[in-house]
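Student: I'd like to learn how to read a protein structure. Could we go through one together, feature by feature?

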Amino acid sequence: MSRALVLPMVSLAALGVAAAAAVSCSKKDAAAPYERPAECALAGQPAAGARQAWVAMHGFAFSPDTIRVAAGTTVTWVNCEDPNIDPHTSTASGGEWDSGYLRPGEKYAHTFAGAGNFGYSCTPHPFMRGAVVVQ
Ligand SMILES: [Cu+2]
């Protein structure tokens with residue numbers, strides 16, 4: 001924390017100002033260090049028989065962009081971007097699910113009960129496209 005923020009923190013009102021400043025400041029000044037979710041390392045095609053799968057949102061892309069799962073699998077999207085990157089969504093083209101905005105570090109899970117080929121994209125970045133193939 002910078003020296004300039006120490007004095008205003010003596011009053012509760014100034015604490016609120018300091019908190020607001022922390023939200024918008026750069027990584028090195030953030031109060032708590034950002035930790036990339038552990039699930040980012042799990043993104044990929046699930047092993048046979050798995051009922052959990054993870055898709056990373058990273059570099060303005062879904063990884064893997066097409067994931068193949070068995071019916072009954074829960075797919076979790078996790079935003080693995082650096083903390084200063086805009087939020088992403090996982091939004092089904094057919095309306096089956098919509099994560100809403102996921103900030104870096106946030107997750108959204110959807111369970112696929114039946115077979116199908118489900119395309120999806122990121123609402124604010126329509127060039128981010130993916131598919132879940134449920135067999
Ligand atoms: Cu996006």
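Student: What share of the residues in the chain is buried?

Tutor: A residue is buried if 20 or more other C-beta atoms lie within 10 Å of its own, exposed if 12 or fewer, and partly exposed in between, with C-beta atoms placed from the backbone. Here, buried residues are 21% of the 135 in the chain. Keep in mind that this is a predicted model, where local features need pLDDT of at least 70, side-chain atom pairs count only at pLDDT 80 or more, and totals for chains, interfaces and linings use all residues. Residues are numbered from 1 along each chain as its sequence is written.

Student: Which helices and strands does the chain have?

Tutor: Helices (H or I, at least four residues) and strands (E, at least two) are DSSP runs, numbered from the N terminus. This chain has 1 helix and 8 strands, in the pattern α-β-β-β-β-β-β-β-β along the sequence.

Student: How do strands form a sheet?

Tutor: Strands of a sheet pair through backbone hydrogen bonds, either parallel or antiparallel. We say that two strands pair if DSSP finds at least two bridges between them. In this model, 4 strands form an open sheet in the order 2-1-4-6, with mixed pairing. Strand 2 (62–63) and strand 6 (107–112) are its edge strands, each pairing on one side only.

Student: In which sense do strand 1 and strand 4 pair?

Tutor: Strand 1 (residues 52–57) and strand 4 (residues 73–79) are parallel, with 6 bridges.

Student: Now for the backbone angles. What should I look for?

Tutor: Most residues other than glycine have a negative phi, and most peptide bonds are trans. In this model, Phe-60 has a positive phi, near 60 degrees, and lies in the loop between strand 1 and strand 2.

Student: Why does Phe-60 count as partly exposed?

Tutor: Because Phe-60 has 13 C-beta neighbours inside 10 Å.

Student: Where is there a cis peptide bond?

Tutor: Between Ser-63 and Pro-64, with omega about -5 degrees. Pro-64 is in the loop between strand 2 and strand 3 (66–69).
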